[in-house]
Amino acid sequence: MKCTWNKKTAAFLTAGCMALGLLAGCGAAPASGGGAPAGGSQGQGGAADTPVSLTCAITMSEDSAYYKDLEYFGKLVSERSGGTVSLDIQAGGVLGSETEYIEGLQAGTIDVMIVSFSPLSATSEQCGLFEIPYLIQDYDHLRRVWKSDIGEEIRADLDKVGIRSLGVLDFGYRETTNNVRPIEKPEDLKGVVLRVMQSDIQIKAWETLGATPVTMAVTEVFSALQTGTIAGQENPINAICSNGFHEVQKYLSLTDHLYAPVLLAISDATWQRLSPAQQEAITSSIAETEDQSTAILQEYTDSGLATIEQAGVQVNEVDKEAFRAAIQPLHEALASTYGDALERIKAM
């Protein structure tokens with residue numbers, strides 16, 4: 001119906017518009033829910049997706065590669081989901097340890113996490129391959145392994161317990177710090193009480209190299225170093241710096257003993273609640289996030305090393321060939337667990 005506006009009809013409508021059924025014909029707005037919110041992505045059947053905020057847990061601080069990786073990932077996901085998916089990053093271990101993150105993803109109380117592979121080895125034995133010193137060479141080598149049948153088996157194992165693997169991020173080489181002496185060769189580790197990751201393989205590795213390993217959550221390491229409970233620890237440079245370990249350590253030895261990938265994963269319970277469009281926004285953002293993680297890591301490694309040196313920490317190179325030779329008995333012993341997997345990885 002077309003409305004003809006003049007003084008007479010205006011007065012008439014004021015008195016009895018609803019009675020005459022003219023409201024709809026005069027262009028009243030549609031009821032709420034009749035269209036998608038501005039910028040919202042569309043789910044199946046054209047309905048707007050429900051906005052969700054995903055809780056993301058990391059042990060590293062806001063000034064870390066972990067945090068910057070998630071910021072970058074979150075920006076991509078937000079853009080590609082039309083703003084319906086956002087990340088709430090809980091940094092600095094406020095939601096617990098990596099083991100607690102894994103349990104949280106399985107229970108659906110934590111949505112997304114970045115964790116090392118060490119605590120995942122209890123779920124997938126193949127994760128232990130990423131804990132073996134001097135096996136994975138670099139990030140490109142890691143990605144070849146991750147795309148192989150070894151990576152497929154790990155992803156399948158994690159899927160079975162409610163953890164959906166999204167991708168692997170670059171976290172660099174792990175180095176060694178301590179307050180006893182510069183570590184230049186394996187023999188220098190004798191008697192050094194060293195915090196290592198919570199893993200049987202890591203304990204055996206450091207015992208093989210001559211250290212006295214102890215395990216504890218990374219959130220407990222600073223105070224343990226400060227009080228002298230432990231003499232040293234091992235971590236990538238960006239983690240050493242972001243956790244402030246250089247403030248309570250005298251020596252940094254560039255052992256490069258373990259190339260340290262980390263896993264970006266989402267709770268399967270969370271995943272099932274997302275629309276197909278939101279799931280696509282996440283999966284389509286992974287490859288770019290993985291690539292960007294190398295640039296983020298390099299920036300943090302360079303700036304972190306400069307910060308460590310400026311703090312007065314003595315930095316030294318090591319005899320890597322001596323370390324590689326010293327770890328070979330462990331490689332040989334692990335053949336009983338992993339069969340030919342170590343040799344296959346070396347050949348990739």
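Student: In which strand is Val-214 found?

Tutor: Val-214 is found in strand S7, which spans residues 212-215, where a strand is a DSSP run (E) of at least two residues, numbered from the N terminus. This is a predicted model, in which local features need pLDDT of at least 70 and side-chain atom pairs count only at pLDDT 80 or more, while totals for chains, interfaces and linings use all residues. Residues are numbered from 1 along each chain as its sequence is written, and side-chain values use heavy atoms, with hydrogens and water left out.

Student: Why does Val-214 count as partly exposed?

Tutor: Its relative accessibility is 27%, and partly exposed is the range between buried (under 20% relative accessible area) and exposed (over 50%), with a 1.4 Å probe and protein chains only; Val-214 therefore counts as partly exposed.

Student: What makes the pair of Phe-117 and Phe-130 tilted?

Tutor: Rings of Phe, Tyr and Trp (its six-membered ring) pair if their centres lie within 6.5 Å, and planes under 30 degrees apart count as stacked, over 60 as edge-to-face and the rest as tilted. The centres of Phe-117 and Phe-130 are 4.6 Å apart and their planes stand at 55°, so the pair is tilted.

Student: How do you know that Phe-130 is buried?

Tutor: Phe-130 has a relative accessibility of 4%, which is under 20%, so Phe-130 counts as buried.

Student: Why is the pair of Phe-117 and Trp-146 called edge-to-face?

Tutor: The rings of Phe-117 and Trp-146 lie 5.9 Å centre to centre, with 70° between the planes, and an angle over 60 degrees counts as edge-to-face.

Note on methods: Helix = DSSP H or I, 4+ residues; strand = E, 2+ residues; numbered from the N terminus.
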